[in-house]
Amino acid sequence: MSYFGPSGRIRSRRFASALCWVAFGAVAASPSASAQTPLVLSADTQLPAIGASVHFDIDGAPDSHFQLKMSLAPRETDTIFGTVFLDLATLIDIRKDVLDAAGHYSLTLKVPRDSTLVGQMFYFEAVTKDGTVRSASNALAIRIEATAPSGARHPVSLAVSPDGSRAFVLNEADSTVSVLDPTVDEVLRVMPVSPRPANVERSPRIAVDPEGRHAFVVNPALASVAVIHAATASIAAQIPVPLSCRAIAFDFAGAAKRVFITCERDQAILVFEEAPHGIFVPTGVLPLQGRGPALLATLPDHKLLVGQQTTLEMEVVDPNDADGDPTVARIPLGSRPLSFALAGTRVFVPTFTPSTIIGPDGVNEVLEFDSTTWTLVDRHFGNLGTDYFAAAVSDANLVVCGTASGSVIVTEPTAFSFTSVVDMIPEESPKGLPSAVALVPPAGGGTPDRAWVVDRVRETIRAIVLTGGPPFTLEAEIPLAHSGAPRHPLLDLNTAERGGFLFDSVLFFNGSPTLPNPVSCATCHPANFSDSITSSRGFQAQPMFAVANTAPFAWQGGAPDLATFTSAAFARHGVVGGNLNKLAAADVTAFMASLTQAPTSPFKNSDGSLSDAAQRGELLFNGTAGCATCHAAPLFIPPSTDPPTLVNGVGTGLVPANVPTLLGIWATAPYLHDGSARTLLDMLDLNVTDEHGTTSGLDAGQKSDLVEFLKTL
């Protein structure tokens, strides 16, 4: 049952009282410290479970009158109290009273035992009046959990304010942000920014605007972008967007403060303007020619650079274009752009360049381009590490994460007078997964003197001191985990989690920071997706969607079970040498056995239903086109009564040919075993001999309908 009517307002007093929770204790207790100014609202948790309690503290001017308010949505608004972060249309009064002589008030609220509240977000803020002086506190976002928070957080993205006063770490697993003060290396708060996504998706990202006022959280699995007011760690807005938004960039140089967000569903850049502060209005859509817009950066000339991970290229876009075709240039890479690091007109692009000959898999390297001509200037760091998933650059340093090898490369980015490979965990083994990096300036700004590196599996931040090296000094780890201590990749993880770590690490292939295997499993299956690259053997890496239920494995179906598939991967991709560790193999197998989902399609209606075109396409899929013969629901592989490996092949020239699942096919371009079909429509157009269903007789409208259905799987 919904708590909201058609307008989004609270439906009745009974539901309003449930949303307001139950105030079972309000105690005015004086702390030992003197009254705090400005007004501060704090809580012992922002992630309470149903049936649990939340203890709020309000600190401000002594003897001032206060009101604690709650809303169902955030909205940054300038008022007579100052900046308020609550949506006035859904505002509810929680408590009115007076701060004590020390300027303090405590309030305990109990969350009702109502399972329908799980996952919902509520926003709290206090305001005070002391004579003619009015003040507003920071706002607290509260998300209701089914149970007390525990387990993995998986920090995956990091952003630092330009003045170095705040850092924000986005935790993928529980959809929270850890807010830190880099001047004292302290975690200030862990705050929810959205409901927990219910499905496996591409990794989210966080970025801070050029003025340092807001941090933006882009999560492909959610239909909103959370905006955090940096100074107060308050949620300022939830910007509605389609599912599958992936990257963000800014241009605040002109009168209009513009925010750009890439959308994979629409293969476009969504444009927003901030007016006034904290209010973001959609102003346009920039169509893209390439596909898979995973990266976005603003160039010195105010054009936008897009990293297209499906068509394996960079695309330059003019956001001021008025003729409907903003693409200025397309720079083919032949490999996935994994990150951007810009230093003036120089663009550094970490990537994995596949081999053109049968044998080695390829080379981890950083490509350097001149953005005035898009000339490839140089290639750096060939296989010094593995999986260069993140990079950052300043005038003094270029820092690149070797995620799978547990190392970070540090160099001077002009003459490359030195190159140092830093083992991020020299004290112990196994290593972690350094997955994000940001350069941190000293207090007040200036040239960054530290590189903060986020480890996704250890759930820590560790600083590399950039002055005085090489060799470079490592500071102590800052823990982000629930336990308050680093998570050991083997001791503190369950079997499937250990397997996920090994899947992402060269350790599975007996690699190390000093002797890295050129690939990890995640090199070709990043975040369980495909890298969209056709190898020198003529095959694409298949995504791992629902792999637990779609045996047999590999394009020719040579692996009847996951254990065999794991052993074959070690034999095929291991370069370091040595034997396959049986315990590691069992863990990786267990991890793959836990993969039962596919990414949520952004092409369904908001209620999960199909469009009219997709419904017509579904009828074709199950009828005239005959697709369901080999791709039967719900897994969209051959039905269990038929052998899943078809002896005579299915139009691929392979004997036998393993029929892949169509789950998540909207996100797995290009298509067919060799990537010869760029789009789903291309796949149908190429099927002139009806080797992939009976589609040659379909007219253009029917093909379009069939594509619309396929995109919903």
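How much accessible surface does the protein have, and what share of it belongs to carbon and sulfur atoms? In this predicted model, the accessible surface comes to about 27700 Å², and 54% of that belongs to carbon and sulfur atoms.

Let's start with the overall picture. The secondary structure amounts to eight helices and 41 strands. With a radius of gyration of 26 Å, close to the 27 Å that the globule rule gives for 713 residues, the protein is as compact as a globular protein of that length. Some further whole-protein values are collected here.

| Property of the protein | Value |
|---|---|
| Span of the C-alpha trace along the principal axes | about 85 × 60 × 55 Å |
| Residues that count as buried | 56% of 713 residues |
| Contacts joining residues at least 24 apart, among those between residues at least 6 apart in sequence | 54% |

Now for one of the sheets. Four strands make an open sheet in the order S19-S20-S21-S22, with antiparallel pairing. Strand S19 (245-251) and strand S22 (280-287) are its edge strands, each pairing on one side only. On average, neighbouring strands of this sheet are turned by 25 degrees against each other, direction ignored. Strand S21 (residues 268-274) runs antiparallel to S22, and seven bridges join the two. Glu 273 stands opposite Val 281 in S22.

Finally, a look at a single residue. Ser 520 lies in the loop between helix H2 (495-503) and helix H3 (521-524). Is Ser 520 buried or exposed? Its relative accessible area is 3%, so Ser 520 is buried. The side chain of Ser 520 reaches the backbone nitrogen of Ala 522 at 3.1 Å. Leaving aside residues up to four places away in sequence, Ser 520 touches several residues, including Thr 386, Asp 387, Ala 404 and Phe 503.

Key. Residues numbered from 1 in each chain as written. Predicted model: local features only at pLDDT ≥ 70, side-chain atom pairs only at ≥ 80, totals over all residues. Heavy atoms only, no water. Buried < 20%, exposed > 50% of the residue type's maximum accessible area, 1.4 Å probe, protein only. Polar contact = N/O pair within 3.5 Å; in protein donor to acceptor, adjacent residues only side chain to side chain. Contact = heavy atoms within 4.5 Å. Pairing = 2+ DSSP bridges. Axes fitted to C-alpha atoms, helices over the stretch in contact; angles between N-to-C directions. Rg over C-alpha atoms; globule rule 2.2 N^0.38 Å. Areas by Shrake-Rupley, 256 points an atom, 1.4 Å probe, with all protein chains shown as cover.
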